[in-house]
Amino acid sequence: MLDDDTEIHPLFEGAPKTTEFKKLRKRLLRNTREAIEHYGMIEPGARWLVCLSGGKDSYTLLAVLYELKWRGLLPIDLIACNLDQGQPGFPATVLPEFLERMQVLHRIEYRDTYSVVMDKTPAGRTFCALCSRLRRANLYRIAREEGCSAVVLGHHRDDILETFFMNLFHGGRLATMPPKLVNKDKDLFLYRPLAHVAEQDCEAFAKAMNYPIIPCDLCGSQDGLQRQQVKSILDGWEANHPGRRNVLFRALTNARPSHLLDSKLFDFLGLALETRDE
């Protein structure tokens with residue numbers, strides 16, 4: 001079915017006809033479908049709030065999910081949502097016009113969290129943590145109002161790896177973004193269907209489709225962010241040893257509690273030798 005190019009969702013209209021792009025599209029569909037099935041995200045008849053920031057990752061997420069649904073591979077109702085956080089100069093008309101043109105059901109919500117973040121963040125600190133909390137709270141509220149069972153985000157494989165190393169280097173813990181979790185109120189799922197997708201594939205896809213990218217000037221204007229430092233480290237490893245990111249990602253799916261040091265995950269005290277019969 002994925003080889004049939006005669007029918008396609010409007011989000012893919014105008015797509016390049018090159019073999020390279022067709023391989024990229026199929027890889028995106030395959031990796032996303034793999035993650036959705038592997039982590040048990042599909043609830044037939046459910047409704048998902050697909051979060052659209054205007055960046056390359058969220059455009060890729062939106063297009064791939066609608067393509068899977070278009071092809072009958074995702075029995076889920078989808079509604080796209082952009083949370084306009086009141087950033088100065090934010091092009092408020094870009095996403096509504098794009099979503100209308102692409103025939104995507106959507107909701108645009110305005111909440112001035114930008115002023116709150118600027119007011120509450122101490123000098124010299126990054127905005128990301130507070131901005132993320134305020135954004136997430138609003139998205140959960142919108143999901144409930146829209147009758148959705150899940151909030152769906154565009155974090156990809158590289159985001160997951162970077163978060164793991166940020167927690168390792170700065171937080172002293174082995175943790176990262178899970179592909180699936182339940183919120184604190186236990187009434188909504190949070191999904192990351194692009195968990196198996198490489199960032200370079202998102203970038204190549206969004207560029208090839210010429211989607212109207214909106215940069216995040218709030219945090220992107222800050223220098224020396226921890227995530228950028230980790231990204232540089234991973235880029236260096238990948239340059240010296242191609243495929244290193246894939247190996248690191250596989251490690252996150254192959255944890256061995258008995259070979260770590262967390263006694264909450266493995267009963268070291270309960271280890272005992274077997275009695276030998278004389």
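A word on the ground rules. Residue numbers start from 1 along each chain as its sequence is written, and side-chain values rest on heavy atoms, with hydrogens and water left out. Since this is a predicted model, local features need pLDDT of at least 70 and side-chain atom pairs count only at pLDDT 80 or more, while totals for chains, interfaces and linings use all residues.

Salt bridges are another story. The search of the whole structure gives 23 of them, a salt bridge being a side-chain nitrogen of Lys or Arg within 4 Å of a carboxyl oxygen of Asp or Glu. One of them pairs D158 with R245, at 2.7 Å from N to O. D158 belongs to helix 6 (residues 157–171) and R245 to helix 10 (residues 244–252), so this contact ties together parts that are 87 residues apart in sequence. Helices here are DSSP runs (H or I, at least four residues), numbered from the N terminus. Both D158 and R245 are buried.

K231 and E199 make another salt bridge, with their closest N and O atoms 2.9 Å apart. Here K231 comes from helix 9 (residues 226–240) and E199 from helix 7 (residues 199–209), so the pair ties together parts that are 32 residues apart in sequence. K231 is buried at 16% relative accessible area, and E199 is likewise buried, at 16%.

R245 shows up again in a salt bridge with D235, at 2.7 Å from N to O. This pair links distant parts of the chain, with D235 in helix 9 and R245 in helix 10, 10 residues apart. D235 is partly exposed, at 39% relative accessibility, whereas R245 is buried at 8%. Elsewhere, salt bridges with shared partners join R47, R107, E109, R111, R141, E145 and E146 into one network.

Technical notes: Helix = DSSP H or I, 4+ residues; strand = E, 2+ residues; numbered from the N terminus. Buried < 20%, exposed > 50% of the residue type's maximum accessible area, 1.4 Å probe, protein only.
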